[in-house]
Amino acid sequence: AVVSTQSTGSNEFFVQSLLLHTVVKMSKAKGKKPQSSGSNVFANFDQKQIQEFKEAFTIIDQDRDGFISEKDLKDKWASLGIVQDDKFCAEMTKVSHGQINFTALLTFMGEKLADTDTEH
């Protein structure tokens, strides 16, 4: 799957971000470990990309507490007309070693984009 980081509209960008979850599942199935993206994850993206990720994060963070929770994911899916069960949303939040704040999301996206780049 090729994921563009160009500005594509908030909902489409959000859906693309969620689709990367599939990449995570495939990566885990192959036994791959995420590669370290360096100590400053912000250095891996240009300012426009960081702004797009921030917008996506804000859209997903439905309760505006600064973290993406299972409830945030379920609510966002519902706003797109898609009903997801609690197990699916719980699996999505397990990709992080703790709460998912903006830096954790950016790190995750950087790793997944790097994985998709190296597989082609």
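**Helices, loops and contacts in a predicted model**

User: At the start of H2, which residue's backbone nitrogen does a side-chain oxygen of Asp 46 reach?

Analyst: This is a predicted model. At the start of H2, the oxygen comes from the side chain of Asp 46. It reaches to within 3.1 Å of a backbone nitrogen, and that nitrogen belongs to Lys 48.

User: Which residues of H2 are buried?

Analyst: A residue counts as buried at under 20% relative accessible area. In an α-helix, residues three or four places apart point the same way, because there are 3.6 residues a turn. The buried residues of H2 are Gln 49, Ile 50, Glu 52, Phe 53, Ala 56, Phe 57, Ile 59 and Ile 60.

User: What is the phi of Arg 64, and is Arg 64 buried or exposed?

Analyst: Arg 64 sits in the loop between H2 and H3. Most residues other than glycine have a negative phi. Arg 64 is not glycine, yet its phi is positive, near 55°. Its relative accessible area is 53%, and the cut-off is over 50%, so Arg 64 is exposed.

User: What is the length of the polar contact between the side chains of Asp 86 and Lys 74?

Analyst: Asp 86 lies in H4 and touches Glu 70 and Lys 74, leaving out residues up to four places away in sequence. Asp 86 and Lys 74 are twelve residues apart along the chain, with their C-alpha atoms separated by 7.4 Å. Their side chains are joined by a polar contact of 2.7 Å.

User: Is Gln 84 buried or exposed?

Analyst: Gln 84 belongs to the loop between H3 and H4. Beyond its neighbours within four places in sequence, it contacts Lys 74, Trp 77 and Cys 89. Its relative accessibility is 16%, under the 20% cut-off, so Gln 84 counts as buried.

User: How far apart are the C-alpha atoms of Ala 104 and Ile 68?

Analyst: Ala 104 is in H5 (residues 102-118) and is partly exposed at 21% relative accessible area. It touches Ser 96 and Gln 99, not counting residues up to four places away in sequence. Ala 104 and Ile 68 are 36 residues apart in sequence, and their C-alpha atoms are apart by 9.8 Å.

User: What percentage of the residues of the protein count as buried?

Analyst: The protein has five helices and zero strands, in the pattern α-α-α-α-α. Among contacts with a separation of 6 or more, 66% join residues 24 or more positions apart. Of the 120 residues, the share that counts as buried is 36%.

Technical notes:
Residues are numbered from 1 along each chain as its sequence is written. This is a predicted model: local features need pLDDT of at least 70, side-chain atom pairs count only at pLDDT 80 or more; totals for chains, interfaces and linings use all residues. Side-chain values use heavy atoms; hydrogens and water are left out. Helices (H or I, at least four residues) and strands (E, at least two) are DSSP runs, numbered from the N terminus. Buried means under 20% relative accessible area, exposed over 50%, partly exposed in between (1.4 Å probe, protein chains only). A polar contact is a pair of N or O atoms within 3.5 Å; within protein, one must be able to donate a hydrogen and the other to accept it, and residues adjacent in sequence count only if both atoms are side-chain atoms. Contact means heavy atoms within 4.5 Å.
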